[in-house]
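Please look over the model shown here before reading on. The points are meant for someone who has not seen it before.

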Amino acid sequence: LSNQGATKTNIASGELQRDQLRYVAEAGIAHATFQLSQSTNCDDYTDVPSTQLGAGSYTASITPTSSSPVTVTATGTLARGAETIVRRHGLKVYDSSGFQRITLQPGA
């Protein structure tokens, strides 16, 4: 029984690590996507540098660095050294320089 318990614990631990890695890498995708949404033109995209998130960190790169659509590749790394890569292909980037921005404030 103790061998079975240890095996199940190891499996659960591996699944937890896999999920943590995925969440950290997905945060990198979200960070890069947000950064793209703030772009006022469709060129000179910058990569996301190493960013700490809990016990892990992520980086993200955007290719190509201009035009649309783009591919975002994020690498999630845990403190113990485990690493995973997540990619999103075909993300569209829109030129928001012509949009009128409106600030809404509560009150009278």
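1. The model is predicted. The strands to look at form an open sheet of 4, in the order E1-E2-E3-E4, and their pairing is antiparallel. At the edges are strand E1 (48-53) and strand E4 (83-91), each of which pairs on one side only. On average, neighbouring strands of this sheet are turned by 20° against each other, direction ignored.

2. E1 and strand E2 (residues 56-63) run antiparallel and are joined by 4 bridges. Within this part of the sheet, glutamine 52 stands opposite serine 57 in E2.

3. In soluble globular proteins, nonpolar side chains tend to be buried together. Here the largest nonpolar core has 18 residues, and Ala32, Leu36, Tyr45, Ala60, Ile62, Val70 and Val72 have the most contacts inside it. Helix H1 (2-37), E2 and E3 each supply at least two residues of this core. H1 gives the most, with 6 residues.

4. Valine 72 deserves a separate look.

5. Is threonine 71 buried or exposed? Threonine 71 lies in strand E3 (residues 70-78). Its relative accessibility is 17%, under the 20% limit, so threonine 71 counts as buried. The side chains of threonine 71 and histidine 89 are joined by a polar contact of 3.4 Å. Not counting residues up to four places away in sequence, threonine 71 touches Ser61, Ile62, Thr63, Arg88, His89 and Gly90.

Notes:
Residues numbered from 1 in each chain as written. Predicted model: local features only at pLDDT ≥ 70, side-chain atom pairs only at ≥ 80, totals over all residues. Heavy atoms only, no water. Buried < 20%, exposed > 50% of the residue type's maximum accessible area, 1.4 Å probe, protein only. Polar contact = N/O pair within 3.5 Å; in protein donor to acceptor, adjacent residues only side chain to side chain. Contact = heavy atoms within 4.5 Å. Pairing = 2+ DSSP bridges. Axes fitted to C-alpha atoms, helices over the stretch in contact; angles between N-to-C directions. Core = buried A, V, L, I, M, F, W, Y, C linked by side-chain atoms within 4.5 Å.
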